[in-house]
Amino acid sequence: MARSLKKGPYVSQALYKKVLNNIKLDKKTVIKTWSRPSTILPDFVGQTFAVHNGKQFINVYVTENMIGHKLGEFAPTRIFRGHAGSKNKLKIKNQKV
């Protein structure tokens, strides 16, 4: 279910303070965050975030197209390496030939 429009977008206060500090000092440092559910605001455009995916930090550079999305959408928690069956079939075919 979507968040109520009356409440506005959710952004972690600590994260927002870090972004405002970067803007105020005109810096482009990477902001490390664990706040995956924070919504990307127009103030975040041009900033780089290191978003934690449960194991490591993934760098996310924010562009205008990302406004309104969540930070966690750009740091996947699972990595698809292919189906297990397809690897076994290739090995068997190569051994018979």
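## A hairpin and the asparagine in its loop

In this predicted model, strand 2 and strand 3 form a hairpin in which four residues lie between the two strands, and Gly 54, situated in the turn, has a positive phi of about 105°. The two strands, spanning 48-52 and 57-61 respectively, run antiparallel and are joined by five bridges. Within this pairing, Val 51 stands opposite Ile 58, a residue of strand 3.

The loop between strand 2 and strand 3 also contains Asn 53, and this residue counts as buried because its relative accessible area of 12% falls under the 20% limit. The side chain of Asn 53 reaches the backbone nitrogen of Lys 55 and also that of Gln 56, at the distances listed below.

| Side chain | Backbone nitrogen reached | Distance |
|---|---|---|
| Asn 53 | Lys 55 | 3.0 Å |
| Asn 53 | Gln 56 | 2.9 Å |

When neighbours within four places in sequence are left aside, Asn 53 is in contact with Arg 36, Ile 58, Ala 75, Pro 76 and Thr 77.

Pro 42 counts as exposed because its relative accessibility of 55% is over the 50% limit. Although Pro 42 and Met 66 are 24 residues apart in sequence, their C-alpha atoms are 9.0 Å apart in space.

Key. Residues numbered from 1 in each chain as written. Predicted model: local features only at pLDDT ≥ 70, side-chain atom pairs only at ≥ 80, totals over all residues. Heavy atoms only, no water. Buried < 20%, exposed > 50% of the residue type's maximum accessible area, 1.4 Å probe, protein only. Polar contact = N/O pair within 3.5 Å; in protein donor to acceptor, adjacent residues only side chain to side chain. Contact = heavy atoms within 4.5 Å. Pairing = 2+ DSSP bridges.
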